[in-house]
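Colleague: Let us go through this model term by term. I will ask what stands behind each label, and you set the value against the definition.

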Amino acid sequence: MGLLHLAAAVDQPSVHDAGSYVDLARLAERGGLDFVTLDDTFARPGLDALAVLSRVAPETGRIGLVPTVTTTHTEPFHVQAAVATLDWISRGRAGWRLDVSTTEGEARLFGRRHAAAADALWQEAGEVADVAAKLWDSWEDDAEIRDEATGRFLDRDKLHYVDFQGASFSVRGPSIVPRPPQGHPVRVVDATEGQARRTAAQYADVALVRAASAAHAGAVRDQLRSEAVEFGRNPDDLRVLASLLVDLGDGEHAAEPGHGGGGPRQTAQGPLYRGGPVDLAELIAAWHADGTVDGFHLTPVEPRRDLERLVNGTVALLQHRGLFRTFYPGSTLREHLGLAKPANQYVVTGGAS
Amino acid sequence: MTAGRKYMHLAAHFPGVNNTTVWADPRSKSQIEFSSFEHLARTAERGLFDFFFLAEGLRLREHKGRIHDLDVVGRPESITVLNALAAVTERLGLAATVNATFNEPYELARRFATLDHLSGGRAAWNVVTSSGAFTGENFRRGGYLDRADLPHSRLRSSGGTPITRATEFVATTRELWDTWTPDGVSRPFAHRGQHFDIAGEFTVPRSPQGYPVVIQAGDSAEGREFAASTADVIFTRHGTLEAGRSFYADVKRRLARYGRTSDDLKIMPGVSVVLGDTAAEAQEKATEIRRQQVSPQNALLALEQVWGTDLSSYDPDGPLPDIDPVPESSITQGRTRRGDTVAIAEKWRALSREKGLSIRQTVIEASGRQSFIGTPEAVATELDEFVQRDAADGFILVPHLTPGGLDEFVDRVVPLLQERGAFRTEYRGTTLRSHLGLSDPVWKG
């Protein structure tokens, strides 16, 4: 059994001021959570998620910041640069939750291509994840030399063209942004469904699984780990978190059958846990103890109220029982997750510029 | 404020990526770390500047087929940095350069509206376009770029007057910013033009400024016209007082055609400033900075850019080449062309002969000195004169050092400008539009 990892969503419908997001991220940071997520699509009302978490970065110190950035109608080069920049401004706390835009409505906002099937779009998302890592590696960590004797700011032998050719795009490289502090910011994929799961197995550092039962979550985790092996990865480099909606509003609901101690139930919005913070702590401890998942990603139904109860109730109890960190021993998101800084693929392979 | 005296507007350009940023100086620090951006932005805000300006890079420059390695290079993505700077500043405007060629209106309108919300109304967009397949190699759009994207091009004819992608791009983003009523109701949009055919719903409510401020950089006739029709600020080249007055009059004259007044467009040349306790000391410092900016290697590179061929065997401390430049050379990629290279080469040779200068000395001499050199008093007086005599509405300062390059100006020149009644002593408003004295855009429902 590895360390327990906890993450929370800070989504707030119809909230456009920075302060509210800063408050929630700080609250989550007080609980020592690994990271917060902020979801995004071009179709739902709301601000650009990566921008919001960039605004949050200077006002937080340790917590990981994971915005959703879609890959269907965006430019891979811009996306990787923005994620790398979030990593720079947060000093190594950036993640990136990949998602795709499947609707014709989203396609019409851009007018460049038609809607496509999720399978094809997740295939492309995998290519974007791949080229992003190549571009992050396109500068070796010590490429900047400032060598006065030769007048060279840069050792250009330590910069690399990526010459990536995907099914629908190509990128020459190198990136405009030097290699970010984590090497590769943490890539997160919701692996609940079909093709997304293969993309997660191949590229994700963290996979989210919306599952109403421990058995289901565990089965998906096993599948992700074995597919990761097929892709030549060490399965221990992949964290699998169960993703639940949580409603900690009314203590009395915990007593109802099917809630609280009875575990989450499936709803139209996804698996929902409704009950008290203490019972949620029990559930987290139980699923984690038997190795079903590496941790949890929790989306409060009522953002502020439920996050407060999560941190002050559930997390405090898990800490008290020695199951969750009481402070951040590391400073980067990779360190929180127990993931090493990846080797630079161009250094490893000796790839020529 | 003296009756009739114009207030000057000031902005700061992050030194960043170019051959005027000196990296071989013990005071030069990271161009990537957030702390450098924070230091410069906080300094600009301490000096009550209107805005802080970030340039953009989309492809590393190349020279002789290899990545150019002599200048500061590598930078974070601008809008993301500005969102973070919004957390550590309160009033300072935040301007990002973003290319209209390799972006789409919906996404960019959303990103700027978001920055405007998160900063409480301080966002600005410097609109640029890219001409090229070289940069395009990094982008999806690069694969099907056509000449319609070029500023001077004839466009796909679909009836009516052809317009550039940049013009339609900005107009489209403003349509998107107008889709929310001031009282918060979202309505669907549909735009069908020569470059964009899009429809749907814009998902960000009207931002504090209504429209983020639009900046146009460049002095060409097309650029002036675009600025007159569309921009709130024009970022121009600095020259003599007379050249400035002529440019200023020309651009302001164009405004009426678009139903705009002289106050609707601010003219702000990019300038560099060198200060000293005496005029002589300032001159000495200016010369030393020029020597730092033009290293021996950089001198040869500048020469190769003009001659269009490999001159690495030449001694930077020796005489200029006798051979003539290679016309139409593509030796350098990713930077603006130098124009008529044969004429430039002849001019440089003449300069070298006349003053007995080496290659490096010639490049230093020919490639321009700093804009304002002198004591704080002299510089304040001269800056004010440019503004009072209608050669500029203000200045975009381009420091040569990261991150301390603005400190001295803010500490020594700003107070003098304030004493003269030439610059604000406090921020009156909270938005960038209020700093610039721009009216709020009328909502076009």
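Colleague: Leaving aside its neighbours within four places in sequence, which residues is A:Ile89 in contact with?

Modeller: A:Ile89 is in contact with A:Ser54 and A:Ala57 of chain A, and with B:Phe34, B:Thr80, B:Val81 and B:Ala84 of chain B. Two residues count as in contact if their C-beta atoms, placed from the backbone, lie within 7 Å. This is a predicted model, in which local features need pLDDT of at least 70, side-chain atom pairs count only at pLDDT 80 or more, and totals for chains, interfaces and linings use all residues. Residues are numbered from 1 along each chain as its sequence is written, while chains are lettered from A and ligands numbered from 1 in the order in which they are written.

Colleague: Why does A:Ile89 count as buried?

Modeller: A residue is buried if 20 or more other C-beta atoms lie within 10 Å of its own, exposed if 12 or fewer, and partly exposed in between, with C-beta atoms placed from the backbone. A:Ile89 has 28 C-beta neighbours inside 10 Å, so it counts as buried. Its place is in helix H3 of chain A. Helices (H or I, at least four residues) and strands (E, at least two) are DSSP runs, numbered from the N terminus.

Colleague: What makes A:Arg146 exposed?

Modeller: A:Arg146 has 11 other C-beta atoms within 10 Å, so it is exposed. This residue sits in strand S5 of chain A, and its phi is positive, about 45 degrees, although it is not a glycine.

Colleague: And what makes B:Asp390 partly exposed?

Modeller: B:Asp390 has 16 other C-beta atoms within 10 Å, which falls in between, so it is called partly exposed. B:Asp390 also has a positive phi, of about 60 degrees, without being a glycine. It is found in the loop between helix H12 (376–388) and S15 of chain B.

Colleague: How many residues does the contact take from chain A and from chain B?

Modeller: The contact takes 49 residues from chain A and 53 from chain B. On the side of chain A that touches chain B, H3(A) gives the most, with seven residues. By class, that side has 27 nonpolar, nine polar and 13 charged residues. Here Ala, Val, Leu, Ile, Met, Phe, Trp, Tyr, Cys and Pro count as nonpolar, Asp, Glu, Lys and Arg as charged, and the others, Gly among them, as polar.

Colleague: What ipTM and pTM does the predictor give the complex?

Modeller: The ipTM is 0.96 and the pTM is 0.95.

Colleague: What is the mean pLDDT of chain B?

Modeller: The mean is 91, and 93% of the residues of chain B reach 70 or more; pLDDT is the predictor's confidence in each residue, from 0 to 100. Over residues 144–159 of chain B the pLDDT is below 50, although this stretch has 23 contacts in the model beyond near neighbours in sequence. Where pLDDT is low, the predicted coordinates should not be read in detail.

Colleague: How do you know which strands pair?

Modeller: Two strands pair if DSSP finds at least two bridges between them. Strand S1 (residues 9–13) of chain B has three bridges to S2(B), and the two run parallel. One bridge partner in S2(B) is B:Phe52, which goes with B:Ala12. The chain passes from S1(B) through helix H1 (residues 34–46) of chain B to S2(B), in a right-handed β-α-β crossover. The name right-handed applies if, with the strands pointing away from the viewer, the path from the first strand over the helix to the second runs clockwise. S2(B) is also joined by four bridges to strand S5 (residues 93–99) of chain B, running parallel.

Colleague: Which residues cover the two faces of strand S2 of chain B?

Modeller: B:Phe51 and B:Phe53 lie on one side, B:Phe52 and B:Leu54 on the other, and all are buried. In a regular strand the side chains alternate between the two faces of the sheet.

Colleague: What is the order of the open sheet of three strands in chain B?

Modeller: The order is S4-S3-S13, with antiparallel pairing. Strand S4 (66–67) and strand S13 (332–333) of chain B are called edge strands, as each pairs on one side only. Strand S3 (residues 62–63) of chain B and S13(B) are joined over two bridges, and B:His63 stands opposite B:Thr332.

Colleague: Into which domains is chain B divided?

Modeller: Chain B has domain 1 (9–277 + 373–436) and domain 2 (295–366), with bounds that come from an automatic or database domain assignment. Their centres, taken over C-alpha atoms, are separated by 31 Å.
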